[in-house]
Amino acid sequence: MALLDAETEHRTQGGPGLPQQRRLVTDLPGPRSAAILARKADAVPAGVGHTVPVAAVAAGGGVVVDADGNSLIDLGSGIAVTTVGNAHPKIAAAVAAQAAQFTHTCFMISPYESYIEVAEALNRLTPGDFAKKSALFNSGAEAVENAIKIARKHTGRQGVVAFDHGYHGRTNLTMALTAKSMPYKSGFGPFAPEVYRAPMSYPFRDGLTGPDAAERAISQMEKQIGAGNLAAIIIEPIQGEGGFIVPADGFLPALADWCRANGVVFIADEVQTGFARTGHMFASEIFGVVPDLITTAKGIAGGLPLAAVTGRAEIMDASHAGGLGGTYGGNPIACAAALAAIDVFENDGVIERAQQIGTILTERLTAMQSQDPRIGDVRGHGAMIAAEFVDPETNAPDAALTAAVAQAAIAQGVIVLTCGTYGNVIRFLPPLSIGDDLLIEGLDVVAEALAAA
Ligand SMILES: *Cc1c(COP(=O)(O)O)cnc(C)c1O
């Protein structure tokens with residue numbers, strides 16, 4: 001019976017037409033997923049891990065369907081990527097049309113209009129009413145690397161500050177910027193030089209006001225590096241992998257003011273927070289900061305690999321011709337997908353939907369918190385909300401409880417992701433195409449998993 005269902009699912013296309021239900025026809029992994037994952041173990045290095053033991057065959061709306069016909073509720077969006085929904089029809093159509101037209105020329109050889117249109121859209125949509133320019137790349141890490149290159153070239157300085165709990169990628173420079181050793185850095189050094197770390201505002205754990213936390217960071221930067229040696233500071237307006245840490249009000253504006261006064265480029269890494277995820281087109285808007293440069297990726301193109309650096313034209317223009325680019329950067333299929341995604345972000349009520357989802361998530365999680373002191377903090381904005389799990393006596397991070405809850409929820413067919421420097425945060429990043437019923441059912445499963453843990 002289960003295998004018959006699986007055959008049916010194999011022929012089912014993805015996208016929003018998929019049955020919107022949680023349905024387990026096997027334990028996870030089922031036999032087909034198990035066979036594929038056994039091949040993964042043989043063919044793919046152990047360093048490329050996975051957290052949900054299924055092989056995906058279709059996805060859309062609010063579900064991911066596996067090779068055995070299990071339908072899982074998706075509360076992760078492939079790490080904040082499929083914000084508009086997996087296999088969104090507008091994106092699927094744009095990709096198919098572009099793939100039939102041309103797949104690549106290399107923008108550095110013979111440019112094409114869609115790349116320029118994406119740049120124009122980014123220049124228009126990002127905060128700041130000054131002249132802007134954008135350059136396109138393939139991944140968030142590559143965008144971050146290029147933002148640092150551009151800031152160094154513009155300032156003629158080398159130092160870069162990243163923050164405690166920050167995550168900026170897995171390439172050499174971005175490993176240096178990333179705070180957490182395991183699993184991102186351990187054993188992979190030496191890391192790029194002239195990268196310094198400053199303390200973040202983490203209200204749940206430091207109890208500082210935004211201005212006080214900024215003063216602490218600024219004092220450290222002035223004493224340990226010197227403003228005159230600093231090209232840039234890079235910060236996630238809401239930290240992603242580090243634990244969905246929302247800085248206290250006033251922290252980011254004080255940092256941005258200090259950067260402006262000292263000729264330091266203020267880079268907002270909005271790779272995870274960008275494109276409606278937080279109930280705003282960009283999270284910088286929540287805090288009233290206008291970055292000099294913004295890095296974007298993840299949600300930008302509905303799942304196609306694309307990333308960008310957008311910022312003040314005079315900074316972006318600092319590089320000599322040929323200094324920026326890459327063979328695939330701004331690939332035409334990825335650009336077609338981004339234009340379709342941006343159309344959805346601007347015209348299909350996605351920002352409002354992120355706010356609604358944020359209300360559902362926050363109300364439910366704070367209700368759970370009031371019954372269960374092991375939830376120490378609930379925080380986030382829009383469809384980027386997290387719960388931090390602690391020992392109620394000491395507030396010490398409880399990574400074991402967090403892992404147990406996440407694993408139990410996954411076993412029951414709900415994809416949830418963990419994060420946090422201390423591994424004690426469950427983050428909710430549902431696709432904005434998920435229905436209320438599925439979202440609430442997913443939260444029910446998480447609540448049951450917590451009660452049982
Ligand atoms: C995911 C992420 C990156 C890295 O993006 P990749 O596409 O995985 O290279 C950088 N910064 C932030 C804030 C991220 O969340």
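Let's start where helix α5 touches helix α13: Ser114, Tyr115, Glu117, Val118, Ala121, Arg124 and Leu125 on the α5 side meet Pro332, Cys335, Ala338, Leu339, Ile342 and Glu346 on the α13 side. Sorted by class, this contact has nine nonpolar residues, one polar residue and three charged ones. Keep in mind as you look around that this is a predicted model.

How do you describe a pair like that?

| Helix pair | Angle between axes | Distance between axes |
|---|---|---|
| α5 (residues 113-125) and α13 (residues 332-347) | about 35° | 9 Å |
| α9 (residues 210-224) and α10 (residues 251-262) | about 35° | 7 Å |

Now for the handedness. The α5 and α13 crossing is left-handed, whereas α9 and α10 cross in a right-handed way. If you want to find the second contact on screen, pick out Gly210, Ala213, Ala214, Ala217, Ile218, Met221 and Glu222 in α9, which meet Phe251, Ala254, Leu255 and Trp258 in α10. That contact splits into nine nonpolar residues, one polar and one charged.

Side chains of opposite charge can pair up when their charged atoms come close. Arg260 does this with Asp257, and their closest N and O atoms are 3.7 Å apart. Both partners belong to helix α10, where they sit three residues apart, or about one turn of the helix. Another salt bridge links the side chains of Arg205 and Glu388, at 2.8 Å from N to O. How many salt bridges turn up in the whole structure? The search finds 15.

Time to zoom out. The chain is divided into two domains: domain 1 covers 6-87 plus 350-452, and domain 2 covers 90-347. Between the C-alpha centres of domain 1 and domain 2 the distance is 26 Å. Domain 1 puts 39 residues into the contact and domain 2 puts in 32. An interface is often sized up by the accessible area lost when the parts come together. For domain 1 and domain 2, that comes to about 2,900 Å² buried between them, with 62% of it on carbon and sulfur atoms. Two salt bridges are counted between domain 1 and domain 2.

Most residues other than glycine have a negative phi, and most peptide bonds are trans. Where does the peptide bond from Met182 to Pro183 stand, cis or trans? That bond is cis, with omega near 5°. Gly189 and Pro190 are joined by a cis peptide bond too, and omega there is about 5°. Look for Pro183 in the loop between α7 (172-177) and β6 (195-198); Pro190 is also placed in the loop between α7 and β6. Then there's Ser77, which isn't a glycine but has a positive phi, near 55°. You'll find Ser77 in helix α3, made of residues 77-80.

Methods. Residues numbered from 1 in each chain as written. Predicted model: local features only at pLDDT ≥ 70, side-chain atom pairs only at ≥ 80, totals over all residues. Heavy atoms only, no water. Axes fitted to C-alpha atoms, helices over the stretch in contact; angles between N-to-C directions. Helix = DSSP H or I, 4+ residues; strand = E, 2+ residues; numbered from the N terminus. Left-handed = near helix turned anticlockwise from the far one by under 90°. Contact = heavy atoms within 4.5 Å. Nonpolar A, V, L, I, M, F, W, Y, C, P; charged D, E, K, R; others polar. Domains from an automatic or database assignment. Buried area = accessible area lost by both parts, 1.4 Å probe. Salt bridge = Lys/Arg side-chain N within 4 Å of Asp/Glu carboxyl O.
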